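Subject: Structure for you to look at

Hello,

I am handing over the structure that we talked about, and below it I have written down what was found in it.

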Amino acid sequence: MWRDIPVPFYLTVNLFEVQNPQEVLQGAKPKVNQRGPYVYREFKYKTNITFYDNDTVSYLEYRQLFFRPDLSNGTEDEYIVMPNILMLGAAVMMENLPSFVKFLLSGALAGLKQEAFINRTVGEILWGYEDPLLDTINAIVPGMIPYKGKFGIFVEFNNTNSGLFTVNTGMKNISQVHMVDSWNGLKKVNYWRSNQCNMINGTAGEMWPPYMSPTSLEFYSPDACRSMKLVYEQSGQFKGVPTYRFVAPKTLFANGTDYPPNEGFCPCRQSGIQNVSSCRLNAPMFISHPHFYNADPSLVDAVEGLHPSREEHALFLDVHPVTGIPMNCSIKLQLNLYMKQVSGILQTGKIQPVVMPLLWFAESGYIDGSVLSQFYTNLVLIPSILDYLQYIFLGLSVPLIISAALMMMSQKFAKEKQPHDPTTQSPPSQPSETTPLLQDACTQSHDTAEA
């Protein structure tokens with residue numbers, strides 16, 4: 001189960017289409033419409049599995065994604081108007097460069113007919129399209145965007161691995177099983193400004209140590225470039241299997257002002273979004289919950305068409321507490337672009353500063369079928385039967401003990417009530433030749449005295 005996870009995982013993607021791009025360029029509030037979901041079947045498998053003498057094992061986990069039109073609301077060939085991530089991101093990244101550099105970029109953008117908003121297919125937006133702007137930007141500012149050829153939001157997400165994980169096997173200490181020892185050879189990352197924020201805590205997000213307590217769990221997410229801590233919400237059941245539900249606390253993406261331990265993730269903006277530019281080539285990218293759920297209301301108010309709700313946008317993990325195996329999960333994140341007017345780059349128009357939602361996705365999976373049946377039988381049904389049997393045996397033993405006690409008392413009572421027959425008395429004992437003379441004398445004198 002650990003090597004090749006037999007659980008069907010799905011990646012569900014929802015894109016935000018901009019409905020008023022020209023008005024946004026004139027300074028209006030963006031208006032978006034959610035498109036999708038576009039659903040992909042996700043397969044995960046581990047390679048390069050190597051065990052070490054220090055009770056650890058390392059591996060690379062790959063994922064492959066296959067589009068499922070039967071589960072989707074739309075096709076990958078549909079066109080959607082979205083922000084030009086490459087152009088608007090580069091503009092913000094170059095905001096503090098000399099004016100002549102921005103002038104060169106603006107001229108290059110005009111020559112390439114680049115605009116602030118693009119009309120591309122879902123497949124191109126997600127998996128990449130040829131864009132000469134990549135080479136142009138790297139020619140003006142070498143190394144700024146180390147990509148060549150295609151550019152897409154998930155261009156490096158499919159048929160790739162999430163880095164080299166080294167985790168504990170738990171052979172010597174079961175409480176450490178699945179806990180991450182290192183990632184890509186690192187004991188901690190260097191993306192953030194504090195040791196606490198750079199720590200690699202918890203597991204790789206697939207399983208946890210057994211005998212969990214209803215408090216919290218942690219895992220390291222390469223996609224978020226950080227460790228994430230979820231908190232216990234409630235106990236429940238998934239198809240008859242007892243579970244603990246863990247959810248994201250409101251402090252997960254809080255800024256350093258509202259939650260000082262998150263100061264290391266800054267520079268920060270409003271609470272509810274996290275700046276990931278330090279691990280995304282310094283691009284002005286932010287992650288959050290979908291529709292800015294649990295975020296500062298000003299983020300929702302700045303974009304028309306967002307409707308955050310706990311039922312649709314909160315992430316959760318339902319874990320079997322005895323084994324530490326997730327039974328049902330849905331990890332949801334939103335990707336956002338900070339965009340604004342940049343002086344010297346005419347293509348940015350009069351765009352007001354805004355954290356613009358691009359898409360949100362959910363990685364979901366649950367144990368089902370024969371795996372669920374085997375899990376339920378071995379870890380729920382059989383222990384329950386054994387538990388009931390001990391009470392049955394205890395219940396049967398009580399009448400037996402009582403019956404035995406009653407029988408013994410009955411036999412004793414019958415013996416004590418047995419009739420007394422005088423004819424059966426033994427005659428007085430006669431002195432024998434061996435009886436001591438003193439005893440005879442004492443007996444005779446006693447008889448004389450009585451007479």
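**The cysteines**

If the bonded cysteines of the chain are numbered in sequence order, they pair as 1-4, 2-3. A disulfide is a covalent bond between the sulfur atoms of two cysteines; here a pair is counted as a disulfide when the two cysteine sulfur atoms are within 2.5 Å, and the structure holds two of them.

Before going further, please note that this is a predicted model, in which local features need pLDDT of at least 70 and side-chain atom pairs count only at pLDDT 80 or more, while totals for chains, interfaces and linings use all residues. Residues are numbered from 1 along each chain as its sequence is written, and side-chain values use heavy atoms, with hydrogens and water left out.

C225 sits in the loop between β10 (216-221) and β11 (226-238), and C279 in the loop between β13 (273-275) and β14 (285-288), so the pair ties together parts that are 54 residues apart in sequence. The helices and strands named here are DSSP runs, numbered from the N terminus (helices are H or I with at least four residues, strands are E with at least two). Both C225 and C279 are buried, where buried means under 20% relative accessible area, exposed means over 50%, and partly exposed is in between (1.4 Å probe, protein chains only).

The other disulfide is formed by C266 and C268, whose sulfur atoms are 1.8 Å apart, and because the torsion about the S-S bond is about -90 degrees, this disulfide is left-handed. C266 counts as buried at 9% relative accessibility, whereas C268, with a relative accessible area of 34%, is partly exposed. The peptide bond from C266 to P267 is cis, with omega near 20 degrees, and P267 is placed in the loop between β12 (241-247) and β13.

How far is the sulfur of C197 from the closest cysteine sulfur? The distance is 8.4 Å, to the sulfur of C266, which is too far for a bond. C197 is buried, with a relative accessible area of 5%, and C329 also counts as buried, at 10% relative accessibility.

**A covered helix**

Helix α2 (residues 85-93) is mostly covered, since eight of its nine residues are buried, among them I85, L86, M87 and L88. The buried residues of α2 pack against several elements, including β4 (79-83), α3 (99-111), α5 (133-140) and β17 (354-366); contact here means heavy atoms within 4.5 Å.

**The second largest pocket**

This pocket has a volume of about 350 Å³. It is lined by 17 residues, of which Q196, E218, R226, K229 and N262 lie nearest its centre. Strand β11 gives the largest share of the lining, five residues, and α6 (195-198) and β11 each supply at least two.

H291 lies in the loop between β14 and α7 (297-301) and counts as buried at 4% relative accessibility. Leaving out residues up to four places away in sequence, H291 touches F16, Q34, V300, G305, L306, H307, P308, H313, Q334 and W360. F292 is placed in the loop between β14 and α7; its phi is near 55 degrees, a positive value in a residue other than glycine, and at 1% relative accessibility F292 counts as buried.

N184 likewise has a phi near 55 degrees, a positive value in a residue other than glycine. N184 is found in the loop between β9 (180-183) and α6, and it is partly exposed, with a relative accessible area of 42%. Finally, the peptide bond from G36 to P37 is cis, with omega near 5 degrees, and P37 lies in strand β2 (residues 32-51).

With best wishes

Key
1 Å grid on protein atoms, 1.4 Å probe; cavity = no way out; pocket = protein on both sides within 12 Å on 5 of 7 lines; lining within 4 Å. Points joined across faces, edges and corners; volume = space filled by probe spheres on them.
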